Amino acid sequence: MSKTSDDFDAEALYRTLLGQVRDGLAGVGDAAIVGIHSGGAWLAERLARDLDLNGRLGFIDVSFYRDDYAKKGLHPDVKPTHIPFNVDGATIVLVDDVLFTGRTTRAAINVLFDYGRPQRIVLAALVDRGGRELPVAADFAGARVTLKPGQSLALLKNADGQLSLTIEED
Ligand code: 5GP
Ligand code: MG
């Protein structure tokens, strides 16, 4: 596995995403943030802090909802789903680090509807890497990238809390 270094300025992507979400939520009264474990969780925490929505922050784990759960033979380290606000009527920003096929998003929407009926759900991803297999689109994305076969994105949070994002080759 080889890495090219400094492919992206991940902190700049975060600032872009934050600006998009802030603009998108302007005038929305009942907004909430929900991060998808694990990559979307810390991103959601950071967005909630920067948008003053700390009391309206939830997390979901979609491991058991993924339609390809059995196929992948995953034995996930399942984290608790925690939605500490009323989903009914809320505008929910669903947050993930990378958007790919759209299957995780679909599963996350299922989970949200187990909790109530949101007025609206919008999707925020730090990076949209294309490759969709479902009719899912990001409303907000820090970057949209096209990867070659065998490539994926390595997203790391450094000890100082700063993000780094590189393209990885198989
Ligand atoms: P999808 O369900 O859309 O196929 O994939 C999105 C999920 O898989 C996200 O939760 C994301 O964390 C993870 N994912 C997919 N592709 C990548 C990638 O290239 N890099 C990283 N870090 N995560 C990915
Ligand atoms: Mg993930």
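Does Glu133 count as buried, exposed or partly exposed, and at what relative accessibility? Glu133 counts as partly exposed, because its relative accessibility is 47%, which falls between the cut-offs of 20% for buried and 50% for exposed. The model is predicted. The protein chain has 4 helices and 8 strands, and 48% of its 170 residues are buried.

**Overall fold**

- Along the sequence, the elements of the protein chain come in the pattern β-α-β-α-β-α-β-α-β-β-β-β.
- Of the contacts in the protein chain with a separation of 6 or more, 69% are between residues 24 or more positions apart.

**The parallel sheet**

- An open sheet is built from 5 strands in the order S3-S2-S4-S5-S6, with parallel pairing.
- At its edges are strand S3 (57-60) and strand S6 (140-144), each of which pairs on one side only.
- From one strand to the next, the twist averages 25°.
- In general, the strands of a sheet pair through backbone hydrogen bonds, in either a parallel or an antiparallel sense.

- S5 in turn runs parallel to S6, and 4 bridges join the two; Ala125 stands opposite Ala141 in S6.

**Helices against the sheet**

- Helix H1 (residues 10-24) lies across S4, S5 and S6, and runs at about 150° to S6.
- Helix H4 lies across S2, S3, S4 and S5, and its angle to S4 is about 150°.

**Helix H2**

- Helix H2 covers residues 39-50, which makes 12 residues.
- From first C-alpha to last, H2 reaches 18 Å, close to the 16 Å expected at 1.5 Å a residue.
- Because 9 of its 12 residues are buried, H2 is largely enclosed by the rest of the structure.
- The buried residues of H2 are Gly39, Gly40, Ala41, Trp42, Leu43, Ala44, Arg46, Leu47 and Ala48.
- As a general rule, an α-helix has 3.6 residues a turn, so residues three or four places apart point the same way.
- Asp52, which follows H2, has a positive phi near 60°.

**Around Glu133**

- Glu133 sits in the loop between S5 and S6.
- Which residues does Glu133 contact, leaving aside its neighbours within four places in sequence? They are Thr101 and Arg103.
- Glu133 and Gly102 are 31 residues apart in sequence, yet their C-alpha atoms are 6.3 Å apart in space.

Technical notes: Residues numbered from 1 in each chain as written. Chains lettered and ligands numbered in written order. Predicted model: local features only at pLDDT ≥ 70, side-chain atom pairs only at ≥ 80, totals over all residues. Heavy atoms only, no water. Buried < 20%, exposed > 50% of the residue type's maximum accessible area, 1.4 Å probe, protein only. Contact = heavy atoms within 4.5 Å. Pairing = 2+ DSSP bridges. Axes fitted to C-alpha atoms, helices over the stretch in contact; angles between N-to-C directions. Expected span 1.5 Å × (residues − 1).
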